[in-house]
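Hi everyone, thanks for making time this morning. I have one structure to walk you through, so let me put it on the screen.

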Amino acid sequence: MTMSNTGGRRRPPTIHDVAREAGVSRGTVSRVLNGGHYVSPAAQEAVNAAIRRTGYVVNRHARSLITGRSDSVGFLLTEPQERFFEDPNFNVLLSGCTQALAAHDIPLLLMLAGTKDERRRITRYITAGHVDGVLLVSSHSGDRVAEELREAGVPLVQCGKPMGPGSKVSYVAADDRDGARDMVRHLLSLGRRRIGVVSGPLDTPGGVDRLAGYKEVLTEAGVEIDERLITSGDYSRASGEAGAERLLARAPDLDALFVASDLMAQGALAALRRAGRRVPEDVSVGGFDDSAAATEATPALTTIRQPYDRISAEMVRLLLAQIGGEDPAAVILPTELVTRQST
């Protein structure tokens, strides 16, 4: 920290102090702080070392006036607030994106918009330039947030495939359909034939693709699709419990359940216990996500692992590329079957 001339009081280091410490011009320091364009590797290293030695902190407000950028990114969850605190997947994604952006010294702002009014207010805030881009988590068909932000020119990356046909929104997704196929193949390999499914919401890409994977594998195996064995939930624990109860009432002879999220599968396990069904002896149960809910369940859940660390890193990479002027892109990542005691 640098000493001022007023009674020995310490003042924050300035860009001039960094330039003097690094032995370069103020302009070179400025170019390093704004992306390192037209700066030699040696000069960039000297400036970065000087920043560490002096403890210089960028004045983001002053820089934003020059660059027209906020130097921040929004993490937008279009679900009710209680879902954020209940579903462990959202926190894992938030943490991963925060860490990936921290490597670029960019803060992440959490935005919750579970109602139409909240989405309208958040959209106004974003399009006013308060963030440089948005990481959108959870999107339902009929929800115009992604398209409105894209039409306003806001850099955007969505977690999960867009629902609308011909959408130009950039996204990162796990291969939901293939993951569901792996789970149903696993249940069939155990000799199960009356396999029920509690899908995710059918106005979301994950809900649609996981149900499609379930049906495809049964058809390939020559097992007739029985609509009594199919129901849907909203990824909450309560909806998984209610879904399992519906299936047991319709098809008491079911011998397996594919539940399209670990949190819903926890609820399904509670319903099975209440009905006197042993897991896995009477009913094998498989989840999806490999979240904390899978290992906390009793018995521990066989599930499909989504690579949340890679999803977060790729979302941030694509967003920063868009902010830098590149075109939207898409990444689909493979899933993995993880077997535990529930099957």
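I'll go through the domains, then the salt bridges, then a few single residues.

A word on the ground rules. This is a predicted model, so local features need pLDDT of at least 70 and side-chain atom pairs count only at pLDDT 80 or more, while totals for chains, interfaces and linings use all residues. Residues are numbered from 1 along each chain as its sequence is written, and side-chain values use heavy atoms, with hydrogens and water left out.

Let's start with the layout. The chain is divided into domain 1 (15-58), domain 2 (73-175 + 308-334) and domain 3 (176-305), with bounds that come from an automatic or database domain assignment. The centres of domain 2 and domain 3, taken over C-alpha atoms, are 28 Å apart. Their contact, meaning heavy atoms within 4.5 Å, takes 14 residues from domain 2 and 18 residues from domain 3.

How much area do domain 2 and domain 3 bury between them? About 1,300 Å², with 50% of it on carbon and sulfur atoms. Buried area here is the accessible area (1.4 Å probe) that two parts lose on being put together, summed over both. On the domain 2 side, Glu86, Met163 and Asp175 supply 34% of the area buried against domain 3, more than any other three residues.

Now the polar side of that interface. Between domain 2 and domain 3 there are nine residue pairs in polar contact, both residues at pLDDT 80 or more. A polar contact is a pair of N or O atoms within 3.5 Å; within protein, one must be able to donate a hydrogen and the other to accept it, and residues adjacent in sequence count only if both atoms are side-chain atoms. The elements giving two or more residues to the side of domain 2 that touches domain 3 are α5 (81-86) and α6 (88-102). Helices (H or I, at least four residues) and strands (E, at least two) are DSSP runs, numbered from the N terminus.

On to salt bridges, each one a side-chain nitrogen of Lys or Arg within 4 Å of a carboxyl oxygen of Asp or Glu. The structure holds 26 of these salt bridges, and the rule finds one across the interface of domain 2 and domain 3.

Take a look at Asp209 and Lys161, whose side chains meet in a salt bridge at 2.9 Å, N to O. At 9% relative accessible area Asp209 is buried, while Lys161 is partly exposed at 30%. For the cut-offs, buried means under 20% relative accessible area, exposed over 50%, and partly exposed in between (1.4 Å probe, protein chains only).

Another bridge joins the side chains of Arg181 and Glu220, at 3.1 Å, N to O. Arg181 lies in helix α9 and Glu220 in helix α10, so this pair ties together parts that are 39 residues apart in sequence. Arg181 is buried, at 14%, whereas Glu220 is exposed, at 53%.

A further pair is Glu336 and Arg305, with side chains meeting at 3.4 Å, N to O. This one links strand β14 (residues 336-338), which holds Glu336, to strand β12 (residues 303-305), which holds Arg305, 31 residues apart. Glu336 is partly exposed at 41%, and Arg305 is partly exposed at 32%. Turning to shared partners, salt bridges join Lys161, Arg177, Arg181, Asp209, Glu216 and Glu220 into one network.

Now for a few single residues. Leaving aside neighbours within four places in sequence, its contacts include Gly207, Thr231 and Met264.

Gln266, in helix α12 (residues 262-274), is buried too, at 14%. Beyond residues up to four places away in sequence, Gln266 touches Arg237, Ala293, Glu296 and Ala297.

Arg193 sits in the loop between α9 (176-189) and β8 (195-199) and is partly exposed, at 44%. The C-alpha atoms of Arg193 and Ala256 are separated by 7.6 Å, although these residues are 63 apart along the chain.

Finally, helix α1 (residues 15-22), where Ile15, Asp17, Val18, Ala19 and Ala22 are buried. Thr14 caps the N-terminal end of α1, with a side-chain oxygen 3.2 Å from the backbone nitrogen of His16. Just after α1, Gly23 takes a positive phi of about 75°.

That's my tour, and I'm happy to take questions.
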